Amino acid sequence: MTSLALTARQQRELDYHREHAAANADEVLRPVDEDVITSPARRPWNAYWSMYDRLLAADLAGKAVLVLGCGFGDDAIRLARLGARVFACDLSPDSLAIAEARARRAGVEIAFAAMPAEAMTYPADSFDAVVFVDILHHVDIAAAMGEVARVLKAGALVIGDELYTHTRLQRLRESALVDGWLYPAMRRWIYGEETPYITADEHKIDEREFALVTAHLSGLETDWFNILEGRLYPSRLRWAARAERVALRPLRRLAPVLAGRVVFSGRLVK
């Protein structure tokens with residue numbers, strides 16, 4: 001762990017993920033599903049698969065790739081399978097212990113390190129690419145993106161798949177009707193028997209925070225997902241996700257207001 005003192009928020013995240021890792025210790029034995037990098041049949045209606053379409057097109061073999069907030073290592077291991085030289089960091093040493101064990105079982109070499117995204121110890125200009133998967137809503141975005149810009153090389157690929165909500169939609173989400181009645185009623189339908197993986201301080205990034213993420217990117221490409229998925233029906237209903245993708249094409253211009261997830265890519269300008 002970095003010698004820098006943790007903020008109160010970082011300490012709460014660390015405590016949560018210590019318990020989360022303990023409750024999911026059997027993840028060590030779960031092999032990483034590689035369909036998203038090996039299957040010729042793609043899923044363009046799925047945000048995560050769409051992000052990997054971009055990663056596959058980028059040809060990261062031999063490139064130094066940073067996985068920020070790597071958790072149990074799924075994405076780090078997949079990128080190593082693609083031939084990248086992977087460096088993966090996370091705030092939680094407990095999560096990293098599971099990730100390291102899984103990487104050994106997978107037979108891939110990954111340089112894991114415990115550190116906050118807001119105070120990384122990597123040298124400047126170290127990486128050819130960075131991958132974000134559901135991490136930015138856990139961090140101080142301005143500080144983390146300053147560090148990301150420091151450790152990336154000029155022109156490095158920045159690619160992510162992040163939870164998102166526009167402030168207008170979030171006000172509706174926080175209304176008494178939705179927060180007090182509709183969301184609790186829908187929660188079991190959306191999540192099933194699983195306890196939602198939601199920490200105390202996280203919140204979906206909004207349009208202003210997303211602007212901070214993309215402020216120094218050239219060639220920015222965005223794709224918006226989950227207008228209804230994860231809100232009115234669970235992600236496990238693939239047929240519904242496919243139908244939503246088709247039915248909502250006419251609303252594409254409104255997607256940055258309506259969407260619940262964004263996939264994006266661009267090149268860092270220094």
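This is a predicted model: local features need pLDDT of at least 70, side-chain atom pairs count only at pLDDT 80 or more; totals for chains, interfaces and linings use all residues.
## Overall shape

The chain contains 11 helices and seven strands. Its C-alpha atoms fill a box of roughly 45 × 40 × 35 Å along the principal axes. A compact globule with 270 residues would have a radius of gyration near 18 Å, and the chain agrees with this because its own value is 18 Å.

## Surface and interior

Of the 270 residues, 48% count as buried. The accessible surface comes to about 13500 Å², and carbon and sulfur atoms make up 55% of that area.

Among contacts in the chain with a separation of 6 or more, 77% are between residues 24 or more positions apart.

## Cysteines

The structure holds zero disulfides. A disulfide would need the sulfur atoms within 2.5 Å.

Both residues are buried: Cys 70 has a relative accessible area of 10%, and Cys 89 has one of 1%.

## Glu 229

Glu 229 lies in the loop between strand E6 (217–225) and helix H10 (238–247). Which residues does Glu 229 contact, leaving aside its neighbours within four places in sequence? They are Ser 235, Ala 241 and Glu 244.

Glu 229 is buried but has no salt bridge. The nearest side chain of opposite charge is that of Arg 261, 7.0 Å away. A salt bridge requires a side-chain nitrogen of Lys or Arg within 4 Å of a carboxyl oxygen of Asp or Glu.

Methods: Residues are numbered from 1 along each chain as its sequence is written. Side-chain values use heavy atoms; hydrogens and water are left out. Helices (H or I, at least four residues) and strands (E, at least two) are DSSP runs, numbered from the N terminus. Buried means under 20% relative accessible area, exposed over 50%, partly exposed in between (1.4 Å probe, protein chains only). Lys and Arg count as positive and Asp and Glu as negative; His and the chain ends are not counted. Contact means heavy atoms within 4.5 Å. The radius of gyration is taken over C-alpha atoms; the globule rule is 2.2 Å times the number of residues to the power 0.38. Accessible areas come from the Shrake-Rupley method with a 1.4 Å probe; for residues, only the protein chains shown count as cover.
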